[in-house]
Amino acid sequence: MHYASIENLSKSFGIRTLFKNISFYLEEGDKIAFVARNGSGKSTLLKIIAGLDTADSGTLWVHKDIKVVMLQQDTPFDEMKSIWDNVLRLDNPVVKVVKEYEMCLEQEAENIDKLTDLMARVDELNAWSFESELKQILGKLNLHHLNEPVRNLSGGQRKRVALAQSLIEAQLHAGKCLLILDEPTNHLDVQMIEWLEDYLSAQKITLLCVTHDRYFLDAVCNEILEMDEEKIYVYKGDYDYFLEQKSLRHENQQSELQKDKNIFRKELEWMRKQPKARTTKSKSRQDAYAVLEEKVNLKKEDAEVSLQVKMTRLGGKVLEMKKINKSYGDKVLIKGFEHTFKKGERIGIVGKNGVGKSTFLKIALQQEKPDSGKVNHGDTVVFGNFNQEGLQYKEDKRAIEYVKDFAEFFPLADGSKVSASQFMEKFGFNAEQQYTPLSKLSGGEKRRLHLLSILFLNPNFLILDEPTNDLDLQTLRTLEEFLLDFPGCILIVSHDRYFMDRLVDHLFAFEGDGVIKDFPGNYTLYREWKEKETIGNKQLAMDNRQQAISNEPVVIVKEQEIKAKAKLSFKEKHEFESLEKDMPALQKEKKELEEKMNSGSMAFDELQKAAERISTIAGLLDEKEMRWLELSERV
């Protein structure tokens with residue numbers, strides 16, 4: 001099914017052209033990653049497709065039966081209303097009854113008659129699957145206090161509410177929905193990102209997504225759409241394939257440019273001859289020269305500026321943190337942490353949102369005092385701190401003037417210098433953007449300018465708090481190349497797994513309750529280790545559970561105990577009781593079948609059926625045991 005056509009769309013803001021005459025198409029089942037430089041109009045184009053903005057010219061067609069749902073970078077909310085009211089704002093009977101049912105469950109005094117009536121209405125509308133999806137989405141995005149007004153939420157919480165809103169609306173229109181996500185992984189921790197990957201991969205949806213997370217891109221999308229120099233390029237493959245094909249395209253373009261330049265030089269000599277000589281020549285040749293001149297002037301050679309950093313020398317003492325403790329009220333963030341940083345160390349910091357990662361960085365920088373312990377800085381340390389507060393400026397000046405306020409030149413290891421303008425070009429600021437006022441820059445461009453201005457100060461110890469948020473993929477590659485050559489110390493907080501895997505040697509893993517584990521390896525190795533540890537813990541829990549089951553074949557749950565499980569819905573309480581009975585019954589059936597098979601008295605066809613049944617039971621047990629563990633954790 002053809003979902004949408006974008007034909008010859010153009011959009012400008014004042015004298016600045018975002019995109020011009022671009023065309024592409026969206027088909028049912030497409031999962032497309034949209035790639036372009038910051039400031040080139042990605043978000044604006046997505047809004048035009050979603051009907052939230054209009055193009056200056058061109059044609060947009062969206063199938064009349066398709067619902068377009070968009071996650072914006074700054075989603076508007078009804079500030080006075082609760083998370084519930086904002087998430088379930090849709091005028092839909094299924095949404096209304098599920099919302100009423102969940103609100104009734106949240107009330108401390110349970111109204112049994114009302115609950116029974118609501119459950120009957122949920123049955124009538126066949127809304128249990130939607131209710132299950134709703135709870136999964138809210139739970140995985142760590143949205144629990146649903147009566148909290150949106151005005152009280154942090155930026156990260158608001159982003160998660162907006163994402164939940166979009167996913168729930170898309171679920172209601174499953175099969176006939178174009179879901180547009182603008183940087184969905186911003187402000188999500190790694191566990192949330194990995195869940196979102198699995199969720200979107202499993203859903204039968206049509207997706208158009210802007211993301212800087214390359215692992216997320218590979219896991220979710222099957223096509224990459226690039227907007228580069230006002231043209232659209234399509235790549236049917238993953239991120240590595242995109243890089244390979246883009247490199248080949250650039251090589252071809254550079255080869256063509258060189259040919260055009262050679263022809264242009266010859267034609268230029270001819271045009272410079274006396275006017276009298278030209279009058280006998282072809283008018284068509286003069287016209288062809290004008291076209292060629294325009295073509296050569298428009299094309300740009302990719303001049304890569306190599307930045308071999310000449311930083312201030314680091315002494316023997318870099319940074320010491322001794323027996324650091326930090327708490328806020330009853331919440332312990334750091335407990336007895338110690339580390340002496342060495343020259344050239346590259347450390348990543350990972351952990352769930354709210355476990356104290358940003359606080360840790362502030363303590364390391366001596367911007368915040370620990371409750372106890374000492375932080376000592378080396379005499380030669382020059383910190384470069386890229387924080388989440390973003391670009392700070394009092395005066396609305398041009399971008400290049402802002403950078404030149406720090407320094408006119410960037411010193412290189414070979415003794416040469418790179419000008420502020422050349423340094424900005426390295427990070428994707430062309431001549432026009434360099435002279436753009438700060439207030440006119442896009443959100444991504446401001447992040448990029450903030451980052452390069454910190455690097456331009458030539459620090460020898462970089463502290464980067466979520467440096468990849470809102471940066472385009474090309475800038476990320478530039479930043480990675482810069483940091484790979486950086487000879488100083490680096491301390492990075494990031495949810496971008498690809499970025500961490502390329503750059504860090506070991507991790508500080510914030511595991512909660514003040515525990516910080518120093519793990520020797522990158523994020524992928526840490527994740528594999530955690531999975532093995534989790535499987536081991538689950539196996540131990542299941543062994544203990546099976547031992548309990550063998551001692552007490554059937555566990556009878558009393559009515560008072562069920563009522564105590566306030567965190568479970570009525571449906572989940574019933575499911576939990578059933579699992580307590582189903583698992584022993586399946587274990588018993590499996591044991592009986594195995595005994596029969598070992599007796600040697602069964603016919604071949606009976607043996608085959610028994611083996612198939614044992615395999616089925618094993619799968620059911622795995623599924624039910626995992627679900628039992630999930631529900632038991634909430635009991």
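## Close-up views of a predicted model

**View 1. Strand β18 and its parallel partners.** Within β18, the residue that forms a bridge with Ile-463 is Leu-491. The bridge belongs to the pairing of strand β17 (residues 461-465) with β18, which run parallel and are joined by 5 bridges; two strands are said to pair if DSSP finds at least two bridges between them, and strands (E, at least two residues) and helices (H or I, at least four residues) are DSSP runs numbered from the N terminus. Strand β12 (residues 346-351) also pairs with β18 in the parallel sense, over 4 bridges, and here Arg-346 has Ile-490 of β18 as its bridge partner. This is a predicted model, in which local features need pLDDT of at least 70 and side-chain atom pairs count only at pLDDT 80 or more, while totals for chains, interfaces and linings use all residues. Residues are numbered from 1 along each chain as its sequence is written, and side-chain values use heavy atoms, with hydrogens and water left out.

**View 2. The burial of strand β18.** Because 5 of the 5 residues of β18 (residues 489-493) are buried, this strand is largely enclosed by the rest of the structure; buried means under 20% relative accessible area, exposed over 50%, and partly exposed in between, with a 1.4 Å probe and protein chains only. Cys-489, Leu-491 and Val-493 point one way from the strand, whereas Ile-490 and Ile-492 point the other way.

**View 3. The open sheet β2-β1-β4.** Three strands with antiparallel pairing form an open sheet in the order β2-β1-β4. Its edge strands, each pairing on one side only, are β2 (16-27) and β4 (57-62), and the twist from one strand to the next averages 15 degrees; axes are lines fitted to C-alpha atoms, for helices over the stretch in contact, and angles run from 0 to 180 degrees between N-to-C directions. Strand β1 (residues 2-13) is paired with β2 over 8 bridges in the antiparallel sense, and His-2 stands opposite Glu-27 of β2.

View 4. Another open sheet of 3 strands, with antiparallel pairing, has the order β11-β10-β13. At its edges stand β11 (331-341) and β13 (372-377), each with a single partner strand, so one side of each is left without a neighbour in the sheet. Strand β10 (residues 319-328) pairs with β13 over 5 bridges in the antiparallel sense, and Met-321 has Val-375 in β13 as its bridge partner. Helix α12 (residues 357-364) lies across β10, β11 and β13, running at about 135 degrees to β10.

**View 5. Leu-200 and the nonpolar cores.** The largest nonpolar core holds 105 residues, of which Leu-167, Leu-179, Leu-200, Phe-423, Leu-449 and Leu-483 touch the most other members; such a core is a set of buried Ala, Val, Leu, Ile, Met, Phe, Trp, Tyr and Cys residues joined through side-chain atoms within 4.5 Å. Leaving aside neighbours within four places in sequence, Leu-200 is in contact with residues including Lys-31, Ile-205 and Phe-216, where contact means heavy atoms within 4.5 Å. A second, separate core of 27 residues includes Leu-361, Ala-364, Cys-489 and Ile-516.

**View 6. Thr-478 in helix α17.** Thr-478 is found in helix α17 (residues 473-484), and Thr-478 is buried, with a relative accessible area of 9%. Not counting residues up to four places away in sequence, Thr-478 touches Lys-426 and Phe-427.
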